[in-house]
Structure formats: structure tokens, C-alpha cells
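This briefing goes through the strand pairing, the helix packing and a few individual loop residues of the structure shown below. Please keep the sequence and the model side by side while reading.

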Amino acid sequence: MSKVSMTVNGKAVTAEVEDRTLLVQLLRDHLNLTGTHVGCDTSQCGACIVHIDGRAVKSCTTLVGQADGANITTIEGISRGDELHPMQAAFRDNHGLQCGYCTPGMIMSAIDIVNRHGAGLDEETVRQELEGNICRCTGYHNIVKSVLDAASRMKMAQAAE
């Protein structure tokens with residue numbers, strides 16, 4: 001057993017866990033943050049993506065010990081109260097989801113994509129960058145449309161701050 005400490009969605013968290021505990025297990029089973037989904041357990045689907053120190057990471061293959069001392073953000077931590085994150089709003093407005101199972105991981109990946117590439121994204125880059133996320137419902141067209149829309153929304157939100 002190991003004691004780990006981290007910040008999850010802005011709150012300090014300390015837990016005593018087995019060394020083999022995956023970050024997704026800590027989030028879902030110990031912290032009740034069930035927006036982070038387990039889809040494949042092989043790091044291929046992207047349903048489990050969270051941000052560790054601002055970077056998108058697949059939490060189903062990340063040991064909790066690797067996140068010790070880190071700042072973790074889950075889908076539950078990106079909105080500001082009742083105000084959706086611009087990426088969440090863009091997914092809603094552009095019908096970028098259907099069943100919703102992949103959506104949290106898609107949104108977390110998409111935020112990372114925009115943060116790394118800026119508002120000047122094009123469709124080809126978005127499609128290439130989202131290759132690590134699997135969606136079986138939408139065919140990606142509206143997901144790509146959502147990410148491109150959110151890129152401009154995020155730029156406007158940054159300018160307003």
C-alpha cells in the first residue's frame with residue numbers, strides 16, 4: 001500500500017492505495033468521479049482521458065503513483081459552476097454526441113488539442129489528433145465540427161479573461 005496525494009478538480013486528495021491501482025480506479029471507485037469512463041482497458045478507446053498537469057492522459061493505463069503530487073482534472077472539473085466549458089457547450093450545440101459514453105474522453109482530448117494547437121485548427125488536424133478516441137455512434141462529423149467551433153469559443157473566452 002502507498003499513500004498518494006494530488007489535487008483533483010481543485011481539491012486536495014490523499015488516498016492509501018495498492019501500488020497497482022490505476023488512476024481511473026481511484027477517480028471512479030474512491031472519489032466517485034464517474035464521468036471518466038472505462039471503455040476498453042487497453043488504452044485504445046480514449047473514454048478514460050483526464051488531464052494530468054494540463055496534458056491529456058489515458059487514466060486506464062496510468063498508475064496512481066505516477067500521478068502522485070499532480071494536478072488532475074476530470075470532466076467534472078472543467079465547467080465553472082452551472083456554466084459549461086466552451087468545449088462542452090460546442091458539443092451540445094453541434095450535436096457532437098449521441099449515446100454520450102465516449103463524450104467525456106472526447107471533450108478532454110479536444111481541450112488538450114485546442115490548448116496545444118490554438119484556434120487555427122483545421123479539420124484534418126482535428127481528425128488526426130482524435131485518432132486515439134473511439135466513437136461508435138456519431139461518425140465523427142459532428143465531433144470535428146464541435147472541436148472547431150469550441151476552438152474559437154475558447155479563444156474568445158481567453159481574450160475575455
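Two strands are said to pair if DSSP finds at least two bridges between them. With that criterion in mind, note that the coordinates are those of a predicted model, in which Val4 has Ala15 of strand E2 as its bridge partner.

- Strand E1, covering residues 2-8, and strand E2, covering residues 11-17, run antiparallel and are joined by seven bridges.
- Alongside the bridge from Val4 to Ala15, Lys3 has Glu16 as its bridge partner in E2.
- In a regular strand, side chains alternate between the two faces of the sheet.
- The two strands form a hairpin with two residues between them, and Asn9, which lies in the turn, has a positive phi of about 50°.

**The sheet**

- Five strands make up an open sheet in the order E2-E1-E5-E3-E4, and the pairing within this sheet is mixed.
- E2 and E4 each have a single partner strand and stand at the edges, so one side of each is left without a neighbour in the sheet.
- On average, and with direction ignored, neighbouring strands of this sheet are turned by 40° against each other.
- Helix H3 packs on the sheet, where it touches E3, E4 and E5, and the direction of H3 makes about 40° with that of E3.
- Whereas E1 and E2 run antiparallel, the pairing of E1 with E5 is in the parallel sense and extends over two bridges, and Thr7 has Asn71 of E5 as its bridge partner.

**The packing of H2 and H3**

- Helix H2, residues 86-93, packs with helix H3, residues 103-117, at an angle of about 120°, and the axes of the two helices are 10 Å apart.
- Angles from 65 to 115 degrees would count as roughly perpendicular and those over 145 as roughly antiparallel, which is why H2 is described as oblique to H3.
- The crossing of these two helices, H2 and H3, is right-handed.
- On the H2 side the contact is made by Met87, Gln88 and Phe91, while H3 contributes Thr103, Met106, Ile107, Ala110, Ile111 and Val114.

**Residues in the loops**

- Ala70 has its place in the loop between strand E4 (55-58) and strand E5 (71-73), and with a relative accessibility of 6% Ala70 counts as buried, the limit for that class being under 20%.
- When neighbours within four places in sequence are left aside, the residues in contact with Ala70 are Ser5, Met6, Thr7, Ile52 and Asp53.
- From Ala70 to His117 the separation is 47 residues in sequence and 23 Å in space, taken from C-alpha to C-alpha.
- Ser43, in the loop between helix H1 (23-30) and strand E3 (49-52), has a positive phi of about 70° although it is not a glycine, and with a relative accessible area of 24% Ser43 is partly exposed.
- His95 lies in the loop between H2 and H3 and, although it is not a glycine, has a positive phi of about 55°; with a relative accessible area of 57%, His95 is exposed.

Conventions. Residues are numbered from 1 along each chain as its sequence is written. This is a predicted model: local features need pLDDT of at least 70, side-chain atom pairs count only at pLDDT 80 or more; totals for chains, interfaces and linings use all residues. Side-chain values use heavy atoms; hydrogens and water are left out. Axes are lines fitted to C-alpha atoms, for helices over the stretch in contact, and angles run from 0 to 180 degrees between N-to-C directions. Helices (H or I, at least four residues) and strands (E, at least two) are DSSP runs, numbered from the N terminus. Angles under 35 degrees count as roughly parallel, over 145 as roughly antiparallel, 65 to 115 as roughly perpendicular and the rest as oblique. A crossing is left-handed if the near helix is turned anticlockwise from the far one by less than a right angle, and right-handed if clockwise. Contact means heavy atoms within 4.5 Å. Buried means under 20% relative accessible area, exposed over 50%, partly exposed in between (1.4 Å probe, protein chains only).
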